[in-house]
Amino acid sequence: MTEPLLRPRRKDPLRKTREPLLPQGLRSRTAHGLTAAAAEGRFMLQVCTDCGFTLYPPRDACPSCLSDRVPFHDVAPGGMVLAETTIRTSTDPYFRERTPWRIGTVTLDCGPSFVAHLHGDAAEGSRVVMTLRLDKSGNAVAIAMPDKPTSHQEDDVQLRELTCDPKFRRVLITDGRNATGQAMARAMAAAQASIIFVGIADPWKPFPGETDLRAIPCVEIVPLDITDTRSVADVAGEIAHRVDILVNTSEHHRAGGIMNRHGLTIAREEMDIRYFGLLRLAQHFGPTMRARGADGVNAAAAFVNLLSVHALMNWPEFGAFSAAEAACLSASQALRAELRGGGVKVLNMFAGPLDTEWFQSVPPPKLSPAALAKATVDALRMGIEDSYVGDIAQDIRARLDVQPKALERELGG
Amino acid sequence: MKRRGYEGVAVCAPISVPYRRYSVDSAHWWIGRALHALTQRTGLKPADIDGLSVSSFTLAPDTAVGLTQHLGLSPRWLDHVPMGGASGGVALRRAARAVQAGDADFVACVAADTNHVDSFRKTLSSFSRFAQDAVYPYGSGGPNASFALITRHYMNRTGATREDFGRICVAQRANAQRYDGALMQKSLTLDAYMRARAIADPIHLFDCVMPCAGAEAFLVCREEDAQAMKLPFVRVLSTIERHNAYQDDPIQYRGGWAQDRDNFWSMAGIAPDDVDFLQTYDDYPVIVMMQIEDLGFCAKGEAPVFVRDHSLTTDGDFPHNTSGGQLSVGQAGAAGGYLGMVEAIRQLTDEAGATTVPNARVGLVSGFGMINYDRGLASSAILLARS
């Protein structure tokens with residue numbers, strides 16, 4: 001069992017904020033196959049197409065038959081800890097301030113020996129489940145987890161370096177007027193977030209669900225309008241140093257393509273709320289979050305974008321909307337690179353149409369805001385950076401893998 | 001096909017440039033000092049050196065070719081042996097064949113590395129592609145962590161205890177007290193060994209070598225040339241080399257010596273009992289035990305008993321790492337792969353001074369190197385005999 005995490009006490013303002021250090025981020029190009037798997041929370045290794053040999057560390061030829069056809073595949077993650085050690089002295093500044101640190105040699109059922117981080121409940125001689133995660137440098141590492149869940153296992157100090165668990169963290173939800181923002185607040189409360197700031201533009205204007213939202217424990221309403229740079233700057237000035245996880249729940253779902261809309265009014269609104277809104281949040285909250293990437297139990301951990309899966313491939317029925325989402329996706333990749341220096345992750349949640357009034361005429365399956373919120377918490381707990389939520393998003397993801405051109409035609413109806 | 005022997009080959013002129021913990025000088029400087037000492041010792045002029053074999057981790061951005069211009073040498077045979085702890089044995093067996101074949105007359109074999117204040121960390125983080133992808137991101141414990149896993153597994157499997165490893169370290173420290181070149185000469189008791197701080201369990205402080213700067217060298221030539229120069233020399237009885245042996249073992253429990261030892265002993269025509277001293281590659285004591293087993297001095301898994309039953313000092317019944325090994329002399333990068341070889345040449349040419357093993361006629365020098373991912377890949381061994 002893991003020692004449960006203690007709620008962090010109020011920070012002493014006189015103490016120096018620990019600067020974020022990163023473990024070494026250098027990887028071979030082939031090794032980024034592991035990064036791709038970790039980004040989605042999968043366990044993949046190279047498997048030789050010609051002889052079936054499963055190999056690790058990543059290579060450019062099969063060590064069994066010398067074939068160069070060695071793509072990454074999902075493989076069975078089970079294994080056994082053959083030997084373990086506790087590192088007490090490290091040459092690397094990042095690990096030096098985190099010792100003692102346990103690693104072990106894990107023999108995987110699928111073949112290779114894997115030197116990996118060990119969860120505190122994964123002891124020598126025990127069965128484990130290997131998982132790939134993104135470390136603070138944004139690159140894949142493996143941590144062996146106990147094969148059956150143990151109590152408070154999410155609180156393990158080595159695991160928590162690799163995840164963005166909301167437990168005891170302070171969350172900013174940028175828009176609480178919509179169903180998604182309210183569902184997100186409930187999900188964060190259930191995940192034991194310590195403070196949930198919820199942005200409301202013009203809070204004096206009543207909105208549906210307001211009473212329930214205010215009743216959620218730990219919710220603090222902040223007057224935030226992400227279309228107003230001054231408003232974003234003011235709120236950031238007040239609370240940016242207390243935001244560990246930022247979830248941008250602002251939405252603007254409007255049907256209509258490119259040619260059949262008259263004028264640019266709606267397109268401008270889409271870009272202002274979604275794309276420029278993201279930029280305003282990044283500019284005013286990003287630098288502080290990046291500086292707080294190693295600030296104790298409630299260090300800054302994640303910047304979360306809720307994106308339409310049609311950011312990946314335009315859905316002409318919502319054509320201009322899809323284009324704005326694509327702009328947000330592109331910006332998120334830049335933000336990811338910029339926040340990496342602080343070890344802060346950018347999590348993109350890709351969703352299909354939501355079960356809200358703005359997708360009234362769209363046939364099911366549709367995604368409930370509560371399901372999106374729950375998936376977001378799950379993704380933060382796993383520490384992944386790309387999540388495809390619901391049937392539509394997973395369908396689009398799979399079809400993109402197979403034949404993107406077919407997907408383009410099919411979405412065009 | 002039956003292997004050809006090393007008849008007519010002489011190994012001579014053992015050179016050790018005194019080690020330093022840190023050095024502001026470059027690898028080029030250390031190699032230059034070693035070759036200068038070699039010319040002083042042999043009377044050869046730089047122009048006479050027509051073969052050169054170099055081992056170094058810190059020569060970048062230069063290679064052995066660039067080094068020839070840096071040092072003003074013009075060899076007709078040039079070798080670069082980037083094999084860490086196996087470098088000495090590998091360099092020697094190649095040089096011996098070059099001399100035997102007439103491709104070179106005088107091959108200077110040299111291994112050297114400098115040690116700047118931050119060079120060890122930099123070497124570790126970019127040591128190999130697998131180290132970069134699959135080792136360094138996991139706690140960055142360096143070889144201490146990798147060998148901790150190997151040691152732990154070896155202890156689980158054989159029942160070896162920390163005291164068993166301690167016996168090796170304590171005996172080597174006693175030997176080092178007789179070798180002026182050792183950086184660590186303070187006496188070490190088994191009690192002090194046991195009480196040392198943990199580095200990566202079960203590895204503790206005195207299981208680890210200290211990175212330092214230094215250089216080692218020797219000369220390979222024909223016997224008649226050595227005699228003409230009045231240089232005492234040793235003969236080569238047999239050699240082996242192996243890389244990436246037993247790759248299906250889930251964790252390293254044996255090295256390439258086990259695969260090649262029958263050939264090794266039959267080529268020399270002698271048996272382990274005929275060996276008067278053993279120089280192993282002692283980056284960690286567990287690897288010493290593996291060499292004792294895999295070279296045939298005892299059965300697999302019985303080295304812990306073997307070290308309990310034998311005395312490993314220069315005056316003991318199983319003299320081992322007679323100058324103190326890297327554990328006491330220091331690990332000067334690739335020069336660590338030459339340390340045992342140069343000391344063995346001294347032993348068999350009556351130049352070992354206070355570390356002399358009385359009446360030694362045959363010595364075994366074993367090498368081990370390059371922990372690329374989870375295990376050392378390169379192994380070598382050489383049997384040397386008094387001429």
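In chain A, strand β10 (residues 195–200) pairs with β11(A) in the parallel sense over five bridges, where two strands count as paired if DSSP finds at least two bridges between them. This is a predicted model, in which local features need pLDDT of at least 70 and side-chain atom pairs count only at pLDDT 80 or more, while totals for chains, interfaces and linings use all residues. Residues are numbered from 1 along each chain as its sequence is written, and chains are lettered from A and ligands numbered from 1 in the order in which they are written. Helices (H or I, at least four residues) and strands (E, at least two) are DSSP runs, numbered from the N terminus.

**The sheet of chain A**

- The pair β10(A) and β11(A) belongs to an open sheet of seven strands, in the order β11-β10-β9-β12-β13-β14-β15 of chain A, with parallel pairing.
- Strands of a sheet pair through backbone hydrogen bonds, either parallel or antiparallel.
- At the edges stand β11 (219–223) and β15 (386–389) of chain A, each of which pairs on one side only.
- On average, neighbouring strands of this sheet are turned by 20° against each other, direction ignored.

**Helices of chain A**

- Helix α4 (residues 179–190) of chain A lies across β9 (170–173), β10, β11, β12 (245–248) and β13 (302–308) of chain A, and runs at about 170° to β10(A); axes are lines fitted to C-alpha atoms, for helices over the stretch in contact, and angles run from 0 to 180 degrees between N-to-C directions.
- Helix α8 (residues 319–339) of chain A lies across β13 and β14 (345–351) of chain A, running at about 160° to β13(A).
- In helix α1 (residues 32–39) of chain A, the residues Gly33(A), Leu34(A), Ala37(A), Ala38(A) and Ala39(A) are buried, a term that requires 20 or more other C-beta atoms within 10 Å of a residue's own, with C-beta atoms placed from the backbone.
- The cover over these buried residues of α1(A) includes β1 (44–47), β3 (72–74), β7 (127–134), β8 (140–146) and β15 of chain A.
- Just after α1(A), Gly41(A) takes a positive phi of about 75°.

**Where chain B touches chain A**

- The contact takes 31 residues from chain B and 32 residues from chain A, with two residues in contact if their C-beta atoms, placed from the backbone, lie within 7 Å.
- On the side of chain B that touches chain A, α6(B) supplies the largest share, seven residues.
- The residues of this side of chain B divide into 17 nonpolar, eight polar and six charged, where Ala, Val, Leu, Ile, Met, Phe, Trp, Tyr, Cys and Pro count as nonpolar, Asp, Glu, Lys and Arg as charged, and the others, Gly among them, as polar.

**Domains of chain B**

- The domain assignment gives domain 1 (9–118 + 213–233) and domain 2 (126–209 + 234–386) of chain B, with bounds that come from an automatic or database domain assignment.
- The centres of domain 1 and domain 2 of chain B, taken over C-alpha atoms, are separated by 23 Å.
- Their contact takes 34 residues from domain 1 of chain B and 37 residues from domain 2 of chain B.
- On the side of domain 1 of chain B that touches domain 2 of chain B, β1(B) gives the most, with eight residues.

Conventions: Buried ≥ 20, exposed ≤ 12 C-beta atoms within 10 Å, placed from the backbone.
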